[in-house]
Amino acid sequence: MAAVAAVAALWAALQPDLAVILIGWVPYLAQGFAMNILISVAAIAIGSLIGLILGVMELAPARWIRAPAITYVHIFRNAPHLVLIFATTYAMPFEITLLGGTVAFPDWLKAVVGLAIPASAHIAEIVRGAIQSIPTAQWESAGSLGFSRLRTLRWIILPQCLRRTLPAWMNLYASIAMGSALASLVGVGELLHAATDASTAVRRTDFTIAVYLTVLVSFFAYCYPISRLTQRLERRFAV
Amino acid sequence: MTTPVPPDSRPPLVRLRDVHLSFGATEVLKGVDLDVRSGEALSIIGPSGSGKSTILRCINGLIAPQRGEIHVAGTALHQLTREADRLALRKRIGFVFQQFNLFPHLSVLENIAIAPVRILGHPRDEVERHARDLLDRVRLSGKERAYPGELSGGQQQRVAIARALAMRPELVLFDEVTSALDPETVGEVLAVIRDLIRDGLTSVLVTHEMRFAEEISDVVVFTEGGRIVAQGPPDAIFHTNDNPRVTAFITGLGNREPANTGTEGRAR
Ligand SMILES: Nc1ncnc2c1ncn2[C@@H]1O[C@H](COP(=O)(O)OP(=O)(O)OP(=O)(O)O)[C@@H](O)[C@H]1O
Ligand SMILES: [Mg+2]
């Protein structure tokens, strides 16, 4: 990070006019980047919630609960993010009629859905694997104290899964954060889109290079701490 | 004034009749009859694979036999079809496992308190007070904030005993609770169980500690090949029995490793 800052400072000193133009675009770019953060946080939140439910469903004793979850996970786990973002953007309505009122369904929200779908399938697999990695003796000893299946999950199994799934979950979070740039392709005003706007408006090759470098550095600054933390946690929880 | 009831005319707390159980094609229990009375300590001894653990798991409804009757504390367990009814019964029966099976993400105090709080819905402060009393009873005061991973096997097993007692069970089942322990810590666990039994805890113990079984049991049963082949007071089983199989088992085991009576553990 220090090296990046040093290079940036040196470059700004050598090209003061370019630096001034770039600084002028910063608010617009920052607004775009806020959209990336919004999209990725919303997608990982929705994906985690649905993935948790699906992961538990995948292990249900009843077939009619298990089968739909397994099918969903199979279909969406390896679906390309870009395809899903295109599909949700162009296949979903721009507003939804709900209980008589209409709710706007903007493109950025469709991108969230497009990213949350494969995320939920991934998280379902992470959760399923974590639950299965807990020794059956834990189920038995909870059962002997009168815990039902669901209560055992809630109080005994899932809390133990949390630690084990954290590294994989953060990996996924980092990949979704990077994937949020795909939303630019369907016209969502996020950072990459904002950078393209800026480069088209200024029409200078050196500015184009600078602005896309800024995009790269921004994503790096967002994702790198996540992946470093993941590595630390992986080492800490390695059994 | 109520007329005192002679102890033996009360129905037993646990009553197994002609219990048959198989896992697939393997017959594990081939007609087991067993009575456990309130306040009594019953030990089950016998060779590995003879069905000792399976009997315990039948008593608390973790597995259901294909044939036979099981009555526990007034409930006809073999007639229960709903899991909820089996759970209701399990709340009243403690189970202590060979491998302790504590919850590793919870502190000692939480391990003991979680079932009374989450399952029985008792108020937390009252449960924690009881948990501290129990820790005192298993001689682990001061360890409430430790995690299972920080304790020795013997300490973990004593926490597991306290966890079972926290539900105020009418009966506690012990399945070879000292078999996974280092020899030095066996004594401290046996000492705790001995005290509980002295105080009137009704219990069924599967054990390989012959001298301990002889000392604390009211009844000893010997299982072999899914049947109870001998039962009676400890003296009759260990000294005056005329069953060559039982004698061979007891002396064979006695020669391999002398039973640890736990007296050294009491003088910590
Ligand atoms: N879940 C199971 N599935 C299949 N077979 C089982 C299962 N549980 C136990 N058995 C078999 O049932 C028989 C009796 O097992 P059980 O655990 O009751 O024996 P035990 O007397 O407790 O032996 P040990 O002293 O080794 O603990 C064994 O042959 C065992 O292999
Ligand atoms: Mg056993």
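A residue is called partly exposed when its relative accessible area falls between the limits for buried, under 20%, and exposed, over 50%. In this predicted model, R67(B) is partly exposed because its relative accessible area is 48%. Its partner in a salt bridge is D18(B), with the closest N and O atoms 3.6 Å apart. The pair joins distant parts of the chain, since R67(B) belongs to strand β4 (residues 67-72) of chain B and D18(B) to strand β1 of chain B, 49 residues apart. D18(B) also counts as partly exposed, at 35% relative accessibility.

Most residues other than glycine have a negative phi. D18(B), which lies in strand β1 (residues 14-23) of chain B, has a phi near 50°, a positive value in a residue other than glycine. R168(B), placed in the loop between α5 (153-165) and β7 (171-175) of chain B, likewise has a positive phi, near 45°. With a relative accessible area of 57%, R168(B) is exposed.

**The interface of chain A and chain B.** In this view 16 residues of chain A are in contact with 20 residues of chain B. The two chains bury about 1,700 Å² between them, and 66% of that area is on carbon and sulfur atoms. The rule finds one salt bridge across the interface, in which the side chains of E140(A) and R57(B) meet at 2.3 Å, N to O. Between the chains, four residue pairs are in polar contact, counting pairs with both residues at pLDDT 80 or more. On the side of chain B that touches chain A, α2 (83-90), β6 (93-96) and α3 (108-118) of chain B each supply at least two residues, and α3(B) gives the most, with three residues.

**Two further salt bridges within chain B.** Over all chains, the count comes to 21 salt bridges, and this view shows two of those in chain B. R139(B) pairs with D195(B), the closest N and O atoms being 2.5 Å apart. At 22% relative accessibility, R139(B) counts as partly exposed. In the other pair, R245(B) meets E224(B) with the closest N and O atoms 2.6 Å apart. This pair also links distant parts of the chain, with R245(B) in helix α9 (residues 244-256) of chain B and E224(B) in strand β9 of chain B, 21 residues apart. R245(B) is partly exposed, with a relative accessible area of 49%.

**The loop that holds G225(B).** G225(B) is found in the loop between β9 (219-224) and β10 (227-232) of chain B, where a relative accessible area of 38% makes this glycine partly exposed. Leaving aside residues up to four places away in sequence, G225(B) touches K30(B) and S50(B). From L135(B), G225(B) is 90 residues away in sequence and 38 Å away in space, C-alpha to C-alpha.

On the surface, I46(A), L49(A), I50(A) and I53(A) form a nonpolar patch, with about 350 Å² of accessible area together. I46(A) has its place in helix α2 (residues 16-58) of chain A and is partly exposed, with a relative accessible area of 38%. Elsewhere in the view, a network of salt bridges links E58(A), R77(A), E125(A) and R128(A).

Note on methods: Residues are numbered from 1 along each chain as its sequence is written. Chains are lettered from A and ligands numbered from 1 in the order in which they are written. This is a predicted model: local features need pLDDT of at least 70, side-chain atom pairs count only at pLDDT 80 or more; totals for chains, interfaces and linings use all residues. Side-chain values use heavy atoms; hydrogens and water are left out. Patches are made of residues with over 30% relative accessible area and no salt bridge: like charges are joined within 9 Å, nonpolar side chains (Val, Leu, Ile, Met, Phe, Trp, Tyr) within 5 Å. Accessible areas come from the Shrake-Rupley method with a 1.4 Å probe; for residues, only the protein chains shown count as cover. A salt bridge is a side-chain nitrogen of Lys or Arg within 4 Å of a carboxyl oxygen of Asp or Glu. Helices (H or I, at least four residues) and strands (E, at least two) are DSSP runs, numbered from the N terminus. Buried means under 20% relative accessible area, exposed over 50%, partly exposed in between (1.4 Å probe, protein chains only). Contact means heavy atoms within 4.5 Å. Buried area is the accessible area (1.4 Å probe) that two parts lose on being put together, summed over both. A polar contact is a pair of N or O atoms within 3.5 Å; within protein, one must be able to donate a hydrogen and the other to accept it, and residues adjacent in sequence count only if both atoms are side-chain atoms.
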